[in-house]
Amino acid sequence: MKNKTKIVPAILTDSHNDLVSMLSMAKTFTDWIQIDLMDGCFVPSTSISSKELVKIKPDIGWEAHLMVNNPEAMLENIRNAGAKRAIFHYEATDDQQGVIEKARSLQLEVGIALNPDTPVEVLQNLVAKIDCVLLMTVYPGFYGAKFIPEVMDKLKLFRAKYPAIEIGIDGGVKEENLKMIVESGASSICVGSAIFLSINPAESYNRLRNIAQS
């Protein structure tokens, strides 16, 4: 039986209080989230820092999406903050293998994210060493960015070549494009603004999950 596509609520904020509030809210409807970390360099925006996450220690299952240069410098903090997985950007480092090895040494699962313009072929020698791939369907750094449908071609290509690996999609996901993403072969779909900027986040999450798994 085919595995159901997961909806992963994604939290992006630069406010300690907002993060605590969003974590509390998320725990009412899910047991797994993604927390976005941004440095103002790899992407223009900044977010909550990894040091602040260590103080907060989110008490929910979570992965860190590192939209930062030198991602290896954050790995120890996010491990100490309780993350189970680190997803870093291929474009953010010249030493992808080194980042993978450091994450493994900290007992973290590890994934690689690709920006919309980066071809999936760059992962050819890395796929066997990682737990997941995250394909960006927006240019990263902001809630509410516009979905880039051409990334579905990359998803289909990658799914055909690597049928067993977990492939996530991140960015610009709405109810209207959700079914297309599922049918293109996504294992998980990260959703930020369509959940956390809605009037009722729990209701929005459940509606998206039902669409994805129907």
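This is a predicted model: local features need pLDDT of at least 70, side-chain atom pairs count only at pLDDT 80 or more; totals for chains, interfaces and linings use all residues.

The entries below go from cavities to a helix and then to single residues.

Entry 1: My count came to two cavities of 30 Å³ or more. I then looked up the second largest cavity, and its volume is about 80 Å³. Its lining is made up of 14 residues, and those nearest the centre are Glu63, Arg85, Glu166, Gly168 and Ser188. I noted the elements that each give two or more residues to this lining: β1 (6–11), β2 (32–38), β4 (85–89), β6 (132–136), β7 (166–170) and β8 (188–191). The largest share is from β6, with three residues. Sorting the lining by class, I got seven nonpolar, three polar and four charged residues.

**Entry 2: helix α1.** Which residues of α1 (residues 16–26) are buried? I found Leu19, Met22, Leu23 and Ala26. They lie on the same side of α1, because the arc they cover around the axis is only 100 degrees. At the N-terminal end of α1 I found a cap from serine 15, with a side-chain oxygen 3.4 Å from the backbone nitrogen of asparagine 17.

**Entry 3: methionine 180.** I located methionine 180 in helix α6 (residues 175–183). It counts as partly exposed because its relative accessibility is 35%, between the 20% and 50% cut-offs. Leaving out residues up to four places away in sequence, I see methionine 180 touching Phe147 and Met152. I also looked up proline 149, which is 31 residues from methionine 180 along the chain, and their C-alpha atoms are 9.3 Å apart.

**Entry 4: positive phi.** Where does asparagine 70 sit? I placed it in the loop between β3 (61–67) and α3 (75–80). Asparagine 70 is not a glycine, yet its phi is positive, at about 50 degrees. With a relative accessible area of 48%, asparagine 70 is partly exposed.

Glutamine 107 also went into the notebook, with a positive phi of about 60 degrees although it is not a glycine. I found glutamine 107 in the loop between α4 (96–105) and β5 (109–114). Is glutamine 107 buried or exposed? At 65% relative accessibility, it counts as exposed, because the cut-off is over 50%.

Definitions and conventions
Residues are numbered from 1 along each chain as its sequence is written. Side-chain values use heavy atoms; hydrogens and water are left out. On a 1 Å grid over the protein atoms alone, a cavity is a set of points where a 1.4 Å probe fits but cannot get out, and a pocket is an open set with protein on both sides within 12 Å along at least five of seven lines; lining residues have an atom within 4 Å of a point. Grid points are joined across faces, edges and corners, and a volume is the space filled by probe spheres set on the points. Helices (H or I, at least four residues) and strands (E, at least two) are DSSP runs, numbered from the N terminus. Ala, Val, Leu, Ile, Met, Phe, Trp, Tyr, Cys and Pro count as nonpolar, Asp, Glu, Lys and Arg as charged, and the others, Gly among them, as polar. Buried means under 20% relative accessible area, exposed over 50%, partly exposed in between (1.4 Å probe, protein chains only). The arc is that of the directions from the helix axis to the C-beta atoms. A polar contact is a pair of N or O atoms within 3.5 Å; within protein, one must be able to donate a hydrogen and the other to accept it, and residues adjacent in sequence count only if both atoms are side-chain atoms. Contact means heavy atoms within 4.5 Å.
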